Amino acid sequence: MMSSDQIPAENETRPTIYLKDYQPPAFRIERVDLDFDLQEEGTRVTCRMVLQKLAADQDDLVLDGDAGLKLLSITLDGQPVAADRLHRQDETLRIKAVPDHFTLETVVEIEPQKNDRLEGLYRSGGQFCTQCEAEGFRNITFFLDRPDVMSIYHVRITADKALYPVLLSNGNLVETGDLANGRHFALWHDPFQKPSYLFALVAGDLDCLKDHFTTRSGRDVSLNIYARAHDLPKCRHAMESLKRAMRWDEEVYGLEYDLSIFNIVAVSDFNMGAMENKSLNIFNTKYVLADPEISTDDDFDHVEGVIAHEYFHNWTGNRITCRDWFQLSLKEGLTVFRDQEYSSDQGSRAIKRIQDVRILRAHQFAEDDGPMAHPVRPESYMEINNFYTVTVYNKGAELIRMMHRILGADGFHRGMDIYVQRHDGQAVTCDDFVAAMEDANGADLSHFALWYSQAGTPHLDVREDWDDKTKIYSLYFKQYINPTPGQSTKAALHIPILMGLIGPNGGEMAARLIEGDADQTEKGWLLHVKEAEAVYRFTDLAAKPVPSLLRQFSAPVQLSSPVDDGQKHFLVRHDQDEFSRWEACQDLMIDAILKGVSAISLQKPMPDVSELIESCAALLKDADRDPAFTAEILTMPSEAYIGQKMTPVAVDAIHEAHQYLKKALADGLASQWRDLYARLANKGPYELTAEHKARRALRSVALLYLCFGGDSDPALKHYQTADNMTDRLAALRILSHSDDDDLRERIFADFYNRLAHEPLAIDKWFAMQALSLRPDCLDRVKSLLRHDAFSLRNPNRLRALVGSFAAGNQLRFHDISGEGYRFLGKIVGEVDRFNPQTAARLILPLSTHKRFDPERSAMMTSVLRGLAANKDLSRDVYEILTKSIS
Ligand code: 0A1
Ligand code: ZN
């Protein structure tokens, strides 16, 4: 019996799939011919497959196919298949008693014009496009829709020529021609074997930005970015990024592009960021279009990173793919690592690392601490779309980064060479990747590989001891991981810790290691903590050192360090590792805010932050040396991140203490901010150079503090004189909180009128209002739902308004009235009816209810339960709900 507030863990229509149940495919598809007859009121898909039986004991062929596929005909070796040999159930079609080798042809009708799930074949802005990862191909036709069934595709597309002059699919264009009734066709052939999730088709009236690239072996590759005519000039940055990424992959990995055509298409309705379909990448416009008028400097960097990411998948994902979806991190962790390294090489390595660590801590550490925690290689899922997570992607990349550090760059690249040689054209596992690394280096990574199967963020407590007589400095490490759902006990991991010892004059101290497992590297000592407890002893030291631990964030752990506040101030000034300088300053800010929170709850005086202000003053004095780094180090941690440091999250006190520190920094350094802001004033027009970007970044930080005292004038002027989106948005963000209603309305109206024709800019307009700290924020969000430019059906718009509010505005979303929770529940319920994938992501902020006080937690769970009462809930949302309420 189930009590009324329980939800069954699974049921027949939503079974749990387990890694341990993996079975190799029973059939191989040698070749597939697809024929798409695209029509306004419905599309006919003919799929002819040549199949070969692999498992002799299998009589029947079981194909995947969405319940919405309308089967018009089916023939086997040219003969219609009798109805009694066919059995359709849930998402499968069983064909009984098939021979060992045969040709199967199905004709189905689908309705892309009604497809708001944005999975399979759908329409966006008048064009047809596809999204097949992970299991979208089964919405297009009956198939063996699993990544370890790789095949050669021939695709014929027929459509109205005037409406859809551009017809694209994977591989090479073989033939085009005109047909009767104003229709035309194109025939594409992809010579590389691929799984169905990499299939793509686009048909539309699109313009094209053309360029080309000559590979190092001399192949000329034609590069095309397709977009709406109006957006074409905004594709240039993506094109330049693409060429840089192609060159980088040749130089760093020796990996060359393998076809003579590479196409990218920009679509405005897309559930995720972009998709690496073989030679036909499909992108959310957000990650292709970039223009100073509508894009911030960060947006430019994101476009470059995502372009590189999708391109790098051509080898790490497409040529070598995943055996099953549990291995998703095989391609994603590795490709994120590759794109992070690419971006580091294009700009500042230290800043890129700081930004990546911020994301990891804000999102992945939070995921590890909640009901959806899972290993980098999950062991089970109900809906695979729910596992495109920061754990699989970003923690997965950290695992690759740790292997890179443990084996060294040369060793890692030797491993990559073996991985590519050994597995090109195959669908493989994370273990295969680790084995290639081991074999190339004669290394044993079996202990390290536990990182793939064990969920949770390790905690690493460090103690120190200095013996003034023997001059021996000791470090004691203790690691533990809290239980996570389904994993109550944890084993010790191999944690690589990069560290240095800093002497009283601020220089690196030479020392001799007399106990502990470590290597000496250029960047410091690399300790290999492998047991629950480990001791390291250093000698040959003239004085007690200050340890600089976990440099470059060498492992994704929560460190509790023996470094006291005074030493942190010292590290902020002297550490040669920039990441650690930033970290020390962040720690000081976090400590100050946490002290403020407890002062508020105990009704005691707020903490003295004068030393922190002094350290920041010193940083400001030195700002010209590296303005971009100064901008990072002086940016305070978010309220949400402070929330992660305490249970229950003291929503209002965190806000108050956060404001207190911001005000202290604003007032304590008022003249410095003023001078800095004036000194960094625009000299000449906008440029997208590292120097200009750094200047804009630091000036925006200065502006923020400058206005914090309540004077909006500098922000207003900044807005009015801006000649680019970075500056405009920096000012708008500040003004969005203003309690001067007239001013705020005026500026938001101005922004809207200026940029109404630019959807990506209007997304920012919605987001800024949803992130406002004003008490009437939710009312504004609700009224914006009715704005003409708002649509629940466009994921970018939905995320900009509702996603920003729920995931980015801790103070207002978690308002004690519970209104924010009820609002989100209602929206998710609506969106789930047509776009489950996006609905499931939107609901995640409610899944953290255990971290909040009983009153909030009860209201959050009540919303989750209310949603769960709906019998028609998608598998996507259902899975999140069951895991969150259990
Ligand atoms: N593989 C893509 C991202 C992606 C994943 C899933 C999707 O639908 C469920 C769509 C895109 C990447 O890593 O870029
Ligand atoms: Zn990817």
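The shell around ligand 1 takes at least three residues from domain 1 (25–205) and at least three from domain 2 (320–452). The model is predicted.

**The ligand site.** Ligand 1 is surrounded by 14 residues. The closest are Glu133, Met272, Met275, Asn385 and Tyr388. Two elements each give two or more residues to this shell: strand β20 (274–275) and helix α2 (297–312). What classes of residue make up the shell around ligand 1? There are 5 nonpolar, 5 polar and 4 charged residues.

**The domains.** The domain assignment of the chain gives the four domains below.

| Domain | Residues |
|---|---|
| domain 1 | 25–205 |
| domain 2 | 320–452 |
| domain 3 | 458–556 |
| domain 4 | 564–736 |

How far apart are the C-alpha centres of domain 1 and domain 3? They lie 56 Å apart.

**The whole chain.** The chain holds 26 helices and 33 strands. The C-alpha trace spans about 90 × 70 × 65 Å along its principal axes.

**Inside the fold.** Of the 886 residues in the chain, 50% are buried. Residues 24 or more positions apart account for 70% of them.

Key
Residues are numbered from 1 along each chain as its sequence is written. Chains are lettered from A and ligands numbered from 1 in the order in which they are written. This is a predicted model: local features need pLDDT of at least 70, side-chain atom pairs count only at pLDDT 80 or more; totals for chains, interfaces and linings use all residues. Helices (H or I, at least four residues) and strands (E, at least two) are DSSP runs, numbered from the N terminus. A residue is buried if 20 or more other C-beta atoms lie within 10 Å of its own, exposed if 12 or fewer, and partly exposed in between; C-beta atoms are placed from the backbone. Two residues are in contact if their C-beta atoms, placed from the backbone, lie within 7 Å. Domain bounds come from an automatic or database domain assignment. A residue is near a molecule or strand if its C-beta atom, placed from the backbone, lies within 6 Å of it. Ala, Val, Leu, Ile, Met, Phe, Trp, Tyr, Cys and Pro count as nonpolar, Asp, Glu, Lys and Arg as charged, and the others, Gly among them, as polar.
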